[in-house]
Number of protein chains: 2
Amino acid sequence: MIIRCELEPGARFTEHELVEVFGVSRTPLREALKILASEGLVEMRPHRGSTVARISPKEIAQTFDVLGALEELAGPLICDRVSNVDIARLDQITTEMSSKRDAADRNSYFELNISFHQSMIGLSGNAVLLNTYNQLFAKLQRARYMVNDDQNRWSESAKEHAWIMDALRQRDGAELSRRLKEHNTRTAQAILAKLDA
Amino acid sequence: MIIRCELEPGARFTEHELVEVFGVSRTPLREALKILASEGLVEMRPHRGSTVARISPKEIAQTFDVLGALEELAGPLICDRVSNVDIARLDQITTEMSSKRDAADRNSYFELNISFHQSMIGLSGNAVLLNTYNQLFAKLQRARYMVNDDQNRWSESAKEHAWIMDALRQRDGAELSRRLKEHNTRTAQAILAKLDA
DNA sequence: TCGTCAATTATTGCATACAAAATTACATTG
DNA sequence: CAATGTAATTTTGTATGCAATAATTGACGA
């Protein structure tokens, strides 16, 4: 609900309120809340109610920067290990993305986009890297939902994905790094620009 | 206790056991456990007892790789913002490290080492980067405790810190990146070699 | 009108108890 | 002896209640 912005950033709530919303008692609710707090999605301030963590443009930009660095690390690792089957799977994801884009099916498109990036980074074979990447990517998902980026950006993004896949097919690690990073930068700019407006 | 290896990696325990150890009830204990699990320090397997997460040489190596990428990102950011006061503070930490090293005060030395690296990355001004870095660094702390690296490595490490500080003083971002990464690689090798033996 | 202090209320922290789920041990059968 | 089903035990998931803490309100005095 937080990631999908069904709970607005900054929204304040008490444990009691959530108990009524979810129909569970405070014990499991608190356990969940503490985890969300440790992940930075919720801020708990004892006796003042918890709040859905706000996410500032600055934090979004910083998160993109870190993701960029991780993608840069991943590039050569991926090219060292990627198989033709892996490439085929990624191709399939991009194909499905196109169809979801044409159908303007936003939720499915977003999920496939996550899938594309996480599958890509997963090919690095570095589980710590993938884990770190996923956590940060998830936090940005909120920003994506907020700006609801337009079809224009979606089609640009598709071209960039194809461009990335070309580097992957050539097993050119350094080039893959550059293209991943470039895609990352453009996505960041698109989201931050929309957020300004 | 986990980070200091006072709880052995792989050790199994039930909630009931920990309740007796810590003298609290299951409710707050479970909240703590869930957080540790979400941070990857504990693995919870329902009805089979939880275990202290094991940390493999492979995972250590992968973590160092990610830290290296983060340091690479940090280098230029740091040099863009660092003040003379900041540099003086870092110098002071290295001085204190030397004295703790001479006194063979392992715990203090480790804490100062954490302080040095985290202060350095903090100078990047990127809070997300610092946060990510800290989490990964903390997980490696366990490995440091395990291998209890020797005075030999400590003195090498001190030289590398001085070498890093030189690049910082010259505000050479690219060079700072390289030296941070080199230090990272050497530390990783030292720890992994010791772990083998 | 402002500030201070006390009383009230809201909110949380923790302990306990019960129920459900899964594992383990054990007996029975082929 | 292996395999399977069942009972007993372990372990966990959740609900509830009480106590403690902090925030808020209101009254009183300067």
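By class, the surface near DNA strand C has two nonpolar, seven polar and six charged residues. The model is predicted. In total, 15 residues surround DNA strand C. The closest are A:E15, A:R26 and A:R30, together with B:S25 and B:T27.

Sugar or phosphate supplies 58% of the atoms of DNA strand C that lie within 4 Å of the protein. The rest of those atoms belong to bases.

An N or O atom in the side chain of A:R12 is 3.1 Å from a phosphate oxygen of DNA strand C. A:H47 reaches a base instead, with an N or O atom of its side chain 3.2 Å from a base oxygen of DNA strand C. The largest share, three residues, comes from α2(B).

Now turn to an arginine in chain A. A:R101 sits in helix α4, which spans residues 84–102 of that chain. The residue is buried, yet has no salt bridge. Its nearest side chain of opposite charge is A:D102, 4.3 Å away. A salt bridge needs a side-chain nitrogen of Lys or Arg within 4 Å of a carboxyl oxygen of Asp or Glu. What does A:R101 touch, not counting residues up to four places away in sequence? The partners are A:Y109, A:Q151, A:W154, A:S155 and A:A158.

Note on methods. Residues numbered from 1 in each chain as written. Chains lettered and ligands numbered in written order. Predicted model: local features only at pLDDT ≥ 70, side-chain atom pairs only at ≥ 80, totals over all residues. Heavy atoms only, no water. Helix = DSSP H or I, 4+ residues; strand = E, 2+ residues; numbered from the N terminus. Buried < 20%, exposed > 50% of the residue type's maximum accessible area, 1.4 Å probe, protein only. Lys, Arg positive; Asp, Glu negative; His and termini not counted. Contact = heavy atoms within 4.5 Å. Near = heavy atom within 4 Å. Polar contact = N/O pair within 3.5 Å; in protein donor to acceptor, adjacent residues only side chain to side chain. Nonpolar A, V, L, I, M, F, W, Y, C, P; charged D, E, K, R; others polar.
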